[in-house]
Amino acid sequence: QVQLVESGGGLVQAGGSLRLSCAASGNIFSPNAMGWYRQAPGKQRELVAIISSGGSVGVTNYADSVKGRFTISRDNAKNTVYLQMNSLKPEDTAVYYCRLTMINGLASWGQGTQVTVSS
């Protein structure tokens, strides 16, 4: 069983920055992928960014809406993934969820952290 604990959400003005963290614990196998998803009220959950565990940096992928503003990174030794969010916009307001997917297909979700961007 895997547990994911997110932190770092909050209220910020448009143009500001936040850094989210997600620490994973439990039976974690590599390789795996860790990602951030978000869900705004009345909308479906969507992928924000994802990073694999391979190599020294990991392969990343971003939603078009956050490219150039958000950066995902991870510390494999700590089983922690980060999301640096810059130039935040009101449309980034959502609950942000961390997800870990292992090569055997098992996936775990965090409890979510609220990000609110005021205009």
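**View 1. Strand S4 pairs with strand S9.** Eight bridges connect S4 (residues 32-39) and S9 (residues 94-102), and the two strands run antiparallel. Asn32 has Met102 of S9 opposite. Strands are DSSP runs (E, at least two residues) numbered from the N terminus, and two of them pair if DSSP finds at least two bridges between them. The model is predicted: local features need pLDDT of at least 70, side-chain atom pairs count only at pLDDT 80 or more, and totals for chains, interfaces and linings use all residues. Residues are numbered from 1 along each chain as its sequence is written, and side-chain values use heavy atoms, with hydrogens and water left out.

**View 2. Strand S9 with S10 and S11.** Three antiparallel bridges join S9 to S11 (residues 113-118), where Gln114 stands opposite Val95. S9 also runs antiparallel to S10 (residues 107-109), again with three bridges; here Thr101 is the bridge partner of Ala107. The hairpin of S9 and S10 has four residues between the strands, and Gly105 in this hairpin takes a positive phi near 95°.

**View 3. Salt bridges of Arg38.** A salt bridge places a side-chain nitrogen of Lys or Arg within 4 Å of a carboxyl oxygen of Asp or Glu. Arg38 meets Glu46 at 2.7 Å, N to O. Arg38 is buried, at 6% relative accessible area, while Glu46 is partly exposed, at 35% (buried is under 20%, exposed over 50%, partly exposed in between; 1.4 Å probe, protein chains only). Arg38 also forms a salt bridge with Asp92, at 2.9 Å between the closest N and O atoms.

**View 4. Asp92 and Arg69.** The closest N and O atoms of this salt bridge are 2.8 Å apart. Both Asp92 and Arg69 are buried. Shared partners join Arg38, Glu46, Arg69 and Asp92 into one network of salt bridges.
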